[in-house]
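Colleague: I have some time to go through this model with you. Could you walk me through the contacts while I look at the coordinates?

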Amino acid sequence: MRHLLLLIFFILASINLANAQTDSLVFKNKNLIIGEIKSMDRGVIIIETDYSDSDFKAEWEQIVNIQSRTNFLISLVDGRRFNGKIRSVSDNEVKITFYDPESLIRLKKKQISKDTEGSESIIVPIYDIVYLNALDEGFWSRLSASIDFGWSLTRANNLRTVNLRSSLGYLADRWKFGSSFNGLRSTQDEIEPVRRSDGNISYVYFLQKDYFLIYDLTYLSNTEQLIASRVGNKIGIGKYVVRTNKSYFGFQVGANLNNEQFLDDSPGKRSGESFLGAEVSLYDIGDLKLLSNLTTYPSLTEKGRFRADFKLDIKYEFLSDFYINLGTTLNFDNQPVESATSLDYIIQTTVGWSL
C-alpha cells in the first residue's frame, strides 16, 4: 500500500509540473526555453523554469515565437487591454484569444474572429504587446515594491546624512494603485537639522485609447522652504502618448486643492490650482533606466503664483532585483513665505531592492 501511495504521489507531482511548465519561448538565435511565463513589462519578459533557482529575464525584442496556455492581462501599444491567452501564428504575429467582452475596446469587427470554443480572438504583431501579467498568479504577481537606502558621514563638523526612499503599487485589470515616500535627514554640529520628506498615494483608472483618470494625494515637508506640511489633492485626466517596449511618454491635466502649514509664524492657507504634468521613462538603454516627470501648478486663487515639481531618477541594475539609484528632486515656488527660499532641491545616491 505504501509503495502504491508513493507511486500515485509521484504521478500527480509529475502531472502538476508538466501543467505548470507549459509555456515556451523561441529566440532569434533559435534558443528555446520551456517554463512558466510570469510577466513582461518595459521590454523584459520573466519566465520560471524547473531547472533554475531563479527566474530567467530576457529582452522581449529577441523573441520570435511564444506559445502559452496561461491567462494574461495583456496591453497593446495602442492602449487596448485584454484578459486572455496568446500564441504565435508566425514569427511576427501572435493570436490573442480573449474571454471577457468588456476587455475589448472598440475593435473593428473585421479584426475579430470567432474561436472554436465561442471566445473571440485577434491577430497582432508580436512587438505591439507592451505588457503581460499572468492572471493565474494572484495577488502577489500584481504587487510591486521597492526600498532604497543611503547614508553618509563626514568627520568635519560631524555631518551625517540619511536617505530613505520606498514605493508600493498594485495593478488590477482596469486600475492601479501606487504610493511612494522619500525622506532625508541631515545633522551637523552647531547647525539646525535639515529635514525633507515627500510622498504620495495615487489611484489611476484606465480608459479607452490609453487615456486614464487619476486621483493623487501628495505630501511635502521641507525645512529649506519653511513648509511644515503641504497637502495636495489632485484630480484629472491623462494620456499615454507613446508606450512601447523601449519607452513611454504621458501627460496629465487637472485641478489641485493645496493646503499649506508653515514652520514660522506665517498663517496657513488654502489655494486652488490647475496642474499640467508630463512623464517620460526610458528602459532600453542597457542596464540603465531613466524616469523623469515635471508638474507645473499655475494658481487659480493667488494672483501671479506659480509652482513646479521636478524629479529625475537614473537606475543601474547590478544584481537581480538590486540596483543603484541616482535621483534628484526639485521644488520651486515663486511666492514662498517670508525668509524662505523659492527653490529647494536634493541629489541622492542610494542602493535599493525591488519586488
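Predicted model: local features only at pLDDT ≥ 70, side-chain atom pairs only at ≥ 80, totals over all residues.

Colleague: Let's start with the strands, then. How many bridges join β16 to β17?

Modeller: β16 and β17 run antiparallel and are joined by 11 bridges; strands here are DSSP runs of E with at least two residues, numbered from the N terminus, and two strands pair if DSSP finds at least two bridges between them. Phe-212 has Gly-238 in β17 as its bridge partner. The hairpin of β16 and β17 has four residues between the strands, and in it Leu-226 takes a positive phi near 55 degrees.

Colleague: And how many bridges join β17 to β18?

Modeller: There are 15 bridges between β17 and β18, which also run antiparallel, and these two strands form a hairpin with three residues between them. Within that pairing, Tyr-240 stands opposite Gly-250 in β18.

Colleague: Switching to charges, how many salt bridges does the structure hold?

Modeller: It holds 20 salt bridges, each being a side-chain nitrogen of Lys or Arg within 4 Å of a carboxyl oxygen of Asp or Glu. One of them joins Asp-216 and Lys-234, with the closest N and O atoms 3.8 Å apart. That pair links distant parts of the chain, since Asp-216 is in strand β16 (residues 211–222) and Lys-234 is in strand β17 (residues 227–243), 18 residues apart.

Colleague: Is Asp-216 buried or exposed?

Modeller: Asp-216 is buried, because its relative accessible area is 9%, where buried means under 20%, exposed over 50% and partly exposed in between, using a 1.4 Å probe and protein chains only. Lys-234 is buried as well, with a relative accessible area of 6%.

Colleague: What does Asp-333 pair with?

Modeller: Asp-333 meets Arg-230 in a salt bridge at 3.5 Å, N to O. Asp-333 lies in strand β22 (residues 322–333) and Arg-230 in strand β17, so this pair ties together parts that are 103 residues apart in sequence. The side chains of Asp-333 and Arg-305 also meet in a salt bridge, at 2.6 Å, N to O. Because Arg-305 lies in the loop between β20 (288–298) and β21 (306–319), that pair ties together parts 28 residues apart in sequence.

Colleague: Why do Asp-333 and Arg-305 count as buried?

Modeller: Asp-333 counts as buried because its relative accessible area is 4%, and Arg-305 does so because its relative accessibility is 4%. Salt bridges that share partners join Arg-230, Glu-260, Lys-269, Glu-302, Arg-305 and Asp-333 into one network.

Colleague: What about aromatics, how many pairs are there?

Modeller: The structure holds six aromatic pairs, counted when rings of Phe, Tyr and Trp (its six-membered ring) have centres within 6.5 Å, with planes under 30 degrees apart called stacked, over 60 edge-to-face and the rest tilted. Tyr-170 and Trp-175 form a tilted pair, 5.7 Å centre to centre with 40 degrees between the planes. Separately, Phe-212, Tyr-240, Tyr-248 and Tyr-283 form one aromatic cluster.

Colleague: Which charged end sits over the ring of Tyr-240?

Modeller: That is Arg-243, whose charged end is 5.4 Å from the centre of the Tyr-240 ring; a charge sits over a ring if NZ of Lys or CZ of Arg is within 6 Å of the ring centre and within 35 degrees of the ring normal. The charged end of Lys-234 likewise sits over the ring of Phe-275, 4.8 Å from its centre.

Colleague: Last topic, where does Arg-42 lie?

Modeller: Arg-42 lies in the loop between β2 (32–41) and β3 (44–48), and it is partly exposed, with a relative accessible area of 31%. Leaving out residues up to four places away in sequence, Arg-42 touches Val-130, Asn-245, Tyr-248, Ser-281 and Tyr-283, where contact means heavy atoms within 4.5 Å. Asn-245 lies in the loop between β17 and β18 (247–262) and is buried, with a relative accessible area of 13%.

Conventions: Residues numbered from 1 in each chain as written. Heavy atoms only, no water.
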